[in-house]
Amino acid sequence: MTSFPVRPVARVESALTDLATAPKQGDEGAPPARVVFAPEFHAAAADLRPGDRLVLLTWLHAADRAVQTVHPRGDPDRPATGVFSTRSPDRPNPIGLHTVTVTAAESGSITVTGLEAIDGTPVLDVKPVLGEVAGR
């Protein structure tokens, strides 16, 4: 198979530092977080505004890439399930998908709600949620 090089466009700054205590989804109590863009991508982020709904693609750097089955939500009473049928961060390519809302925008960074990624998580891409960004 072919490999595809990617590079982070930003990093997450968050009070979440431990996978064990981080919420499993952003709407389960994730604190506000900052997304700090690499200087070479400041122009790409210049039009992001408070109220924007975005999809962040992240690289879940603390994930176990060897995992192929999990007990959903870490519940051992649930049957082992292939990771492609779950939202588990542990998977062969640990790409995270997060729908967030921008609450503040500064030069080179945004503050968002709904992001359960831990501090230091690389951000691979940022996309607007479709249907809410007419004209862009």
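## Strand pairing around E8

Thr58 stands opposite Val123 in E8, and Ala10 likewise stands opposite Val123 in E8. The model is a predicted one, in which local features need pLDDT of at least 70 and side-chain atom pairs count only at pLDDT 80 or more, while totals for chains, interfaces and linings use all residues. Residues are numbered from 1 along each chain as its sequence is written, and side-chain values use heavy atoms, with hydrogens and water left out.

Strand E3 (residues 53–59) is joined to E8 by five bridges, and these strands run antiparallel. Strand E1 (residues 10–13) is joined by two bridges to strand E8 (residues 122–128), again in an antiparallel arrangement. Two strands are taken as paired if DSSP finds at least two bridges between them, and the elements themselves are DSSP runs numbered from the N terminus, with helices (H or I) of at least four residues and strands (E) of at least two.

## The largest nonpolar core

The largest nonpolar core holds 20 residues, of which Val35, Phe37, Ile110, Val112 and Leu115 touch the most other members. Such a core is a set of buried Ala, Val, Leu, Ile, Met, Phe, Trp, Tyr and Cys residues joined through side-chain atoms within 4.5 Å. Two or more residues of this core come from each of E1, strand E2 (33–37), E3, strand E6 (95–106), strand E7 (109–113) and E8, and the largest share, three residues, is given by E2.

## Salt bridges

The structure holds two salt bridges, each being a side-chain nitrogen of Lys or Arg within 4 Å of a carboxyl oxygen of Asp or Glu. In one of them the side chains of Arg34 and Glu13 meet at 3.0 Å, N to O, and this pair links distant parts of the chain, with Arg34 in strand E2 and Glu13 in strand E1, 21 residues apart. Arg34 has a relative accessible area of 30% and is therefore partly exposed, and Glu13 counts as partly exposed at 38% (buried means under 20% relative accessible area, exposed over 50%, and partly exposed in between, with a 1.4 Å probe and protein chains only).

The side chains of Asp125 and Lys127 also meet in a salt bridge, at 3.2 Å, N to O. Asp125 counts as partly exposed at 30% relative accessibility, and Lys127 is partly exposed with a relative accessible area of 41%.

## After strand E8

Leu130 is found in the segment after E8, and at 78% relative accessibility Leu130 counts as exposed. The C-alpha atoms of Leu130 and Leu54 are separated by 8.8 Å, although these residues are 76 residues apart along the chain.
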